[in-house]
Amino acid sequence: MIKHKGFPGRFPGTDFQFTIRRANPRGVTPITRRERFKDRKAVDKAVDEAFMAALWEHFGEEPFERGNLDAGRLSWLFGREVVPASEPFDPSDYEALLRIDVDAARLSFPDIFY
């Protein structure tokens, strides 16, 4: 599992994690699309925006390996702002390639893309 050096580990001042420290010995947690409902808490929205900003700053438009990025956090963006970069895509693989769908990300997080 690749570790993304310089990527923030968590949202500052909270327990919302962005990365994991080590591979799960019981198996890789799959990335799944999670629905974001309009009544989500403001902190949840802020964490999504901060994670998207970190992805954009770290990877830009280039494909990136899932590596030590947290599956739960990726799942809130998966299928919308973060999409598979190659087919076939295995959501349970630390080496799976992802990319930012810039158009979708600009619509969802306009303050990041100025």
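Reader: Hey, which residues are linked in a network of salt bridges?
Author: Arg40, Asp48 and Arg73 make up that network. A salt bridge here is a side-chain nitrogen of Lys or Arg within 4 Å of a carboxyl oxygen of Asp or Glu. This is a predicted model, where local features need pLDDT of at least 70 and side-chain atom pairs 80 or more, while totals for chains, interfaces and linings use all residues. Residues are numbered from 1 along each chain as its sequence is written, and side-chain values use heavy atoms, leaving out hydrogens and water.

Reader: Ok, and how far apart are Arg73 and Asp48, N to O?
Author: 2.9 Å. That pair links distant parts of the chain, with Arg73 in helix 2 and Asp48 in helix 1, 25 residues apart. Helices (H or I, at least four residues) and strands (E, at least two) are DSSP runs, numbered from the N terminus.

Reader: Is Asp48 buried or exposed?
Author: Asp48 is buried, at 2% relative accessible area, and Arg73 is buried too, at 8%. Buried means under 20%, exposed over 50%, and partly exposed in between (1.4 Å probe, protein chains only).

Reader: New topic: in what order do the strands sit in the sheet?
Author: 1-3-2, in an open sheet with antiparallel pairing. Strand 1 (64-65) and strand 2 (82-84) are at the edges with a single partner strand each, so one side of each has no neighbour in the sheet. Two strands pair if DSSP finds at least two bridges between them.

Reader: How many bridges join strand 2 and strand 3?
Author: Three. Pro84, for instance, has Leu98 in strand 3 as its bridge partner.
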